[in-house]
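Please read this note with the model open beside it. The points are numbered so that each can be checked on its own.

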Amino acid sequence: MKMPNTGIEIKFIDKAYHCIAYFVLTLSWLLSFYKKPNKKYLIVILCIILGIIIEVLQVTITVYRTADYFDVLANSVGVLFALVIFNIFLRKKTIN
């Protein structure tokens, strides 16, 4: 699958897309379960595992996709960034 042409030449822009996608995925799940804060680390772990599984499946069940360790890293950074933002948001909400 070819990445859309943004008109801007940025090296590794697909890693930014991965990071943003997993940030949105994780933050969505964290906000869905915000009343159960003990589930947040399970959500984070499962989102990271999902990113790993998808990369493994790309290389094992397709002939036109490859796995990339940097994609897993970008996915994980997005997940962890979502956790940080969620914790800041939750802390502010409990203070007010």
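1. Basis. This is a predicted model, in which local features need pLDDT of at least 70 and side-chain atom pairs count only at pLDDT 80 or more, while totals for chains, interfaces and linings use all residues. Residues are numbered from 1 along each chain as its sequence is written, and side-chain values use heavy atoms, with hydrogens and water left out.

2. Aromatic pairs. Searching the whole structure gives two aromatic pairs. Rings of Phe, Tyr and Trp (its six-membered ring) pair if their centres lie within 6.5 Å; planes under 30 degrees apart are stacked, over 60 edge-to-face, and the rest tilted. Phe 23 and Phe 81 make a tilted pair, with 5.3 Å between centres and 35 degrees between planes. This pair links distant parts of the chain, as Phe 23 is in helix H1 (residues 13-32) and Phe 81 in helix H3 (residues 69-95), 58 residues apart. Helices here are DSSP runs (H or I, at least four residues), numbered from the N terminus.

3. The second pair. Trp 29 and Phe 33 are stacked, because their planes are at 10 degrees, with ring centres 5.8 Å apart. Trp 29 is partly exposed at 43% relative accessible area, and Phe 33 is partly exposed at 32%. The cut-offs are under 20% relative accessible area for buried, over 50% for exposed and in between for partly exposed (1.4 Å probe, protein chains only).

4. Helix H2. H2 has 22 residues and spans 31 Å from first to last C-alpha, close to the 32 Å expected at 1.5 Å a residue; the expected span is 1.5 Å times one less than the number of residues. Its buried residues are Lys 40, Ile 43, Val 44, Cys 47, Gly 51, Glu 55 and Gln 58. They cover an arc of only 115 degrees around the axis, so they are on the same side of H2; the arc is taken from the directions from the helix axis to the C-beta atoms. On the other side of H2, Thr 60 and Ile 61 are exposed.

5. Gln 58. What does the side chain of Gln 58 reach? It reaches the backbone oxygen of Thr 66, at 3.0 Å. Gln 58 is buried, at 12% relative accessibility.

6. Thr 26. Thr 26 is in helix H1 and is buried at 0% relative accessibility. Leaving aside neighbours within four places in sequence, Thr 26 is in contact (heavy atoms within 4.5 Å) with Ile 43, Val 44, Cys 47, Val 79 and Ala 82.

Key: Helix = DSSP H or I, 4+ residues; strand = E, 2+ residues; numbered from the N terminus. Polar contact = N/O pair within 3.5 Å; in protein donor to acceptor, adjacent residues only side chain to side chain.
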